[in-house]
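Hello,

Here is the structure I promised to pass on.

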Amino acid sequence: MSRSAHPAGPRHADVLPEGHYSGPPADLNSLDPRVWSRTVRRNADGVVTVGGLDVAALAEEFGTPAYFLDEDDFRARCRAWKDAFGPDADVFYAGKAFLSRAIVRWLHEEGLHLDVCSGGELATALGAGMPAERIALHGNNKSTEEITRAVEAGVGRIVLDSFQEIVRVAHIAERLGKRQRVQIRVTVGVEAHTHEFIATAHEDQKFGIALADGQAAEAVRRALKLDGLELIGIHSHIGSQIFDMAGFEVSARRVVQLLTEVRDEHGIELPEIDLGGGLGIAYTSDDDPREPHEIARALGDIVARECAAAGLGVPRLSVEPGRAIVGPTAFTLYEVGTVKELEGLRTYVSVDGGMSDNIRTALYDAEYSVALVSRTSDAEPMLSRVVGKHCESGDIVVRDAFLPADVAPGDLLAVPATGAYCRSMASNYNHALRPPVVAVRNGEARVIVRRETEEDLLRLDVG
C-alpha cells in the first residue's frame, strides 16, 4: 500500500504542553505487548497483523473506522481469570464493558458468569443462551419491568442498590411466587485513585447503601424480614481502572466487619461477598497492570486474613472483571484524512472516527497509544494529536503521541486497548454511523456487530 510522504519540518518532540510524555519511544515501529492484543504482529512488509490477517486487507474488506477484536486473546483472558480464582470463587464478566451475543456465547463456553445492568443487556444475555442462574443484575434504578424479567428468568442474583429496591424486588418476587437471591451493594467509603466519574465507593455518589451511620446494617435487617428475598451476601465496588490494591484491602476489611455485625445481630453468616471489578489495564507503556493470578492471590489473602481475625468462615468470593478481559483484546482502526502542522506546537492528525466511537478521552481525559500500522517508517518522531472528524474541539482520540513525521492522508492508524467502553459507549453524534466489531481468529474474520447504515438512522426518525 503506497502512501505519499508528508513534507519534513520541525517535529517539536520536546514540546509537551500536557506533560503526558517525557520523549519519543526508541522505535516508533515497535508494538508494546502490554498494550496490544496477543496475536498482533508486524509482518515482513511492515504491516500490522492480528489473528494472522493484515490490517490493510481488513480495512479493505470491512472499512474504517472499525473495532477488531482478537478472539483468541479474549478467550485466553477468560480462562486466566477463571483459573486464577479457582473453583471456590465466581468470575462475573462485567457486560457493560462490551456485550454482544457472540461475547455471551464465548463467556458461556469458557465457564464465566455475567453481570448485566439494564434490560437490554439482560435480553442479550438470555437471548444468546447464558444460563439465567449465572447472571447477576446490577443498577441503581432498575425498572419494575427489568426486575420482573430478571425474576421470571431466574437470574442467580439481583444486587440491591437502595431501600426502595429492597421492597420492590421482594414485592415482585412474592407476586411471582418466587424467592429471589440478592446481595446488598454497600459503599464502603474508599476513595479509589481514579477519575471521579468512575470512582464508586465514596459516599457522595449514586451507587449503593452507605456503611456510614448504620445504613447498610439497616438494609440487611429489612432484607432478612422479607419472604421474597434470600440474602446471600454483600457487594462492594470501589471504582474502575485501578492499579493499587490498597483500596480493595480497605473495602474487604469493612465488608467483613459488616458480615461480623450481621452474625452477631442475626446469628447467621452470609455465604458470599463480591468485591467488584475495576482492575486497570495498560492503555500506554507507562501502565503496569497486575496479572489475574496476582489479583486472585491478593484478594484471597485479604479476605481470609480479615475473616480469620473476625472468627468468620471464609465466604465464597466473586469478582467482576470487564475491562480487564475485553479491553486489551481489541483495537480501533482508522484512516488518516488530513495532517495539519501547527508551528511551534504539534501536528494534528485527523482520522475518520473520533468521539462517536471513543468518548473516553473527552469524558475522562483518558490516555491511549497509537501506531502507524499500514507500513513502517524511518522518519523522525513527530509530536501529534490524533483527532476525530466531529464538530467539537474536544473531539480528541489520543491527546499526545509521537508518530512518524511522514504520516500522510491514507495511512492507517490503530489505537489499541479499545475493547472496553468504546463500542458500548459509542454514539451517533453528528449522525455518525457506529463502527462494526469484527472478531479475528486463526486467519479468519467475521462481523459480530455490523456497521450501522444511514437506513438504520432514518428508520428511527419517524418524522
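Tyrosine 368 counts as buried, because its relative accessibility is 1% and the cut-off for buried is under 20%. Please keep in mind that this is a predicted model.

Tyrosine 283 is buried too, with a relative accessible area of 3%. How do the rings of tyrosine 283 and tyrosine 368 pair? Their centres are 5.1 Å apart and their planes stand at 75°, so the pair is edge-to-face. This pair links distant parts of the chain, 85 residues apart. Tyrosine 283 sits in the loop between strand S12 (272–274) and helix H9 (292–310). Tyrosine 368 sits in the loop between helix H11 (360–364) and strand S16 (371–372).

How many aromatic pairs does the structure hold? There are seven. Another of them joins phenylalanine 62 and phenylalanine 68. Here the ring centres are 6.2 Å apart and the planes are at 65°. That angle is over 60 degrees, the cut-off for edge-to-face, so this pair is edge-to-face.

Are these two phenylalanines buried or exposed? Phenylalanine 62 is buried, at 14% relative accessible area. Phenylalanine 68 is buried as well, at 1%. Both belong to one aromatic cluster, formed by Trp36, Phe62, Phe68 and Phe331.

One last item concerns a charge and a ring. Arginine 222 lies over the face of phenylalanine 163. The distance to the ring centre is 4.3 Å.

Best wishes

Definitions and conventions: Residues are numbered from 1 along each chain as its sequence is written. This is a predicted model: local features need pLDDT of at least 70, side-chain atom pairs count only at pLDDT 80 or more; totals for chains, interfaces and linings use all residues. Side-chain values use heavy atoms; hydrogens and water are left out. Rings of Phe, Tyr and Trp (its six-membered ring) pair if their centres lie within 6.5 Å; planes under 30 degrees apart count as stacked, over 60 as edge-to-face and the rest as tilted. Buried means under 20% relative accessible area, exposed over 50%, partly exposed in between (1.4 Å probe, protein chains only). Helices (H or I, at least four residues) and strands (E, at least two) are DSSP runs, numbered from the N terminus. A charge sits over a ring if NZ of Lys or CZ of Arg is within 6 Å of the ring centre and within 35 degrees of the ring normal.
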